[in-house]
Amino acid sequence: MMNKYIKYFLLSIWALALIFLVIIVGYVLMDKYKQDDISWTLNSNKGEVSLSDFKDKVVLIYFGFTHCPDICPTSLYLMSDAYKKLTKKEQSQVQLVFISVDPKRDTPKILYEYSKYFNKNIIGLTGNKDLLDNITQKYNAFYRFVPTPKSTLKYTVSHTTKIYIIDKVGKLQLSLDPHKQDVEYLIESIKSLI
Amino acid sequence: MNKILIFLIMIIISYSSSINIVNAKIRPVPPISKVSSGFMKIISSYNKDIRLIKAKSNFSKITEIHNVKIKNGIMDMFQVPFLTIPANGFTELKAGSYHFMFIDLIKPLKVKEIKSIKLYFDNGVKKIIPIEVKR
């Protein structure tokens, strides 16, 4: 009789341990899924564009704003210079994306005009605050509006200055600092993922 | 021809005083853009520090002095009231650091165009210098 109780007790312990294990594994997998989720859908001048539209392409993403005088043009020129040095075949496998975190000033139309100046392959995108907050969080990127009451600009935007590179299966592979890396490094990084 | 002559005269004038400016350039930006930035190296042969307190350009309604700081991969940009040029030294306005902000561009900038900018220093010196639109 006693043995039976011990048996039930041990079975219960095992059952509890199993449930606990399933919860832990589930949590870890869920967390990993969240970390891996870098998807987005944003607005271009021609409608909605999603990251999933660029399957089988290496995607370079830069977060910025058009009133940014320094690092944004530097980064877009860098992305464009790297793209121009690829062969036609390689170019067909690459997509450049500029995401504005300043939708108040940067409409999809303005972003289209702005982006194409650097390179016709660059798609200019933006979205509402909730969308941008969600996306930047996924990329571990940051942006913040900073009032500049003495400047005519009224406000500026502090933001992460990295170029994010996503491989052909939609996985974030690396992020580069445009002030520290040269065009050759960027080209090699792109080619390694084509 | 006249533009080249004006350019040469401006260069001669800029080298004849105790403040010299080199590598002055305006960053080319998309025609739709209403702002651009400017860079240069300001060299002083004065025996004491001087301050650049104001600038005016002939291609934007407003010219401001700004600075950029990049920390932990995040860029902060902010306006500064003046720029100090050390005695017998220089201060460089460059990408990722101090720069001019040209706000409300009067018309789209074209690469290789030569514009002008007037610099005001706290010792009363004013300088008009040529500045080229180039990367």
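Modeller: Happy to. Let us begin with the contact itself, to which chain A gives 29 residues and chain B gives 29 residues. Please keep in mind that this is a predicted model. Between chain A and chain B, about 2400 Å² of area is buried, and carbon and sulfur atoms account for 64% of that area.

Next come the polar interactions. Between chain A and chain B there are 13 residue pairs in polar contact, counting pairs with both residues at pLDDT 80 or more. On the side of chain A that touches chain B, the elements giving two or more residues are α2 (71-84), α4 (108-118) and β7 (154-160) of chain A. Sorted by class, that side of chain A has 13 nonpolar, 11 polar and 5 charged residues.

Now for the charged pairs. Side chains of opposite charge can pair when their charged atoms come close. The structure as a whole holds 11 salt bridges over all chains, and 3 salt bridges are found across the interface of chain A and chain B. One of the pairs is D81(A) with R135(B), whose side chains meet in a salt bridge at 2.8 Å, N to O. This pair crosses between the chains, with D81(A) in helix α2 of chain A and R135(B) in the segment after β10 (126-133) of chain B. Another salt bridge joins R144(A) to D76(B), where the closest N and O atoms are 3.7 Å apart.

Strand β7(A) runs antiparallel to strand β5 (residues 74-79) of chain B, and 2 bridges join them. Within this pairing, H159(A) has M75(B) of β5(B) as its bridge partner.

Finally, a word on the aromatic rings. The count comes to 12 aromatic pairs over all chains. Take Y62(A) and F98(A): their ring centres are 6.4 Å apart and their planes lie at 15°, so this pair is stacked. It links distant parts of the chain, since Y62(A) sits in strand β3 (residues 58-64) of chain A and F98(A) in strand β4 (residues 94-100) of chain A, 36 residues apart.

How values were computed: Residues numbered from 1 in each chain as written. Chains lettered and ligands numbered in written order. Predicted model: local features only at pLDDT ≥ 70, side-chain atom pairs only at ≥ 80, totals over all residues. Heavy atoms only, no water. Contact = heavy atoms within 4.5 Å. Buried area = accessible area lost by both parts, 1.4 Å probe. Salt bridge = Lys/Arg side-chain N within 4 Å of Asp/Glu carboxyl O. Polar contact = N/O pair within 3.5 Å; in protein donor to acceptor, adjacent residues only side chain to side chain. Helix = DSSP H or I, 4+ residues; strand = E, 2+ residues; numbered from the N terminus. Nonpolar A, V, L, I, M, F, W, Y, C, P; charged D, E, K, R; others polar. Pairing = 2+ DSSP bridges. Phe/Tyr/Trp six-rings, centres within 6.5 Å; stacked < 30°, edge-to-face > 60°.
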